[in-house]
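Let's take a look at this protein together. Have the sequence and the 3D view ready, and follow along.

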Amino acid sequence: MEACYATQSKFVVDNTNPSKAEREVIITMAKERHYQIVGYFFDTPVRDALARNEVRTGKDKIPLPGILGCYKKLELPQFAEGFDILYKVKIVDNKFIIEDWEDEI
């Protein structure tokens, strides 16, 4: 990310950041450097994530405690965290459906 900051290049953080605290570090650093913050929340029921994981093999398969631990830490993103744009992504019939985010109360 430092190379992107130095050159003002766009970048993507492709990682699971389930908690506000984890996202805060990334958002704060990017905001200080005047980046637009766009978030994509993958709205996936745990049972669906577990089913997809079952067909994975080798290093791609995530241990059950890893999936459940991440789910327990999950905090829905909110615009107040610093997002400029936020989307909700659902997988329906193996297609990505992207919707504008609405903060849930």
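Asn 94 is exposed, with a relative accessible area of 76% (exposed is over 50%, buried under 20%, partly exposed in between, using a 1.4 Å probe and protein chains only). You'll find Asn 94 in the loop between β2 (85-92) and β3 (95-100). Its phi is positive, about 60°, although Asn 94 is not a glycine. Most residues other than glycine have a negative phi.

Gln 8 also has a positive phi, about 55°, and is not a glycine. Gln 8 sits in the loop between α1 (2-7) and α2 (20-32), and is partly exposed at 45% relative accessible area. Helices (H or I, at least four residues) and strands (E, at least two) are DSSP runs, numbered from the N terminus.

## Where the model comes from

This is a predicted model, where local features need pLDDT of at least 70, side-chain atom pairs count only at pLDDT 80 or more, and totals for chains, interfaces and linings use all residues. Residues are numbered from 1 along each chain as its sequence is written, and side-chain values use heavy atoms, leaving out hydrogens and water.

## A helix pair

Now for α3 (residues 46-54) and α4 (residues 64-73): their axes come within 11 Å and cross at roughly 155° (axes are lines fitted to C-alpha atoms, for helices over the stretch in contact, with angles from 0 to 180 degrees between N-to-C directions). α3 and α4 are therefore roughly antiparallel, the word for angles over 145 degrees.

Which residues of α3 meet α4? They are Val 46, Leu 50 and Asn 53, which meet Leu 64, Ile 67, Leu 68 and Tyr 71 in α4 (contact means heavy atoms within 4.5 Å).

Definitions and conventions: Angles under 35 degrees count as roughly parallel, over 145 as roughly antiparallel, 65 to 115 as roughly perpendicular and the rest as oblique.
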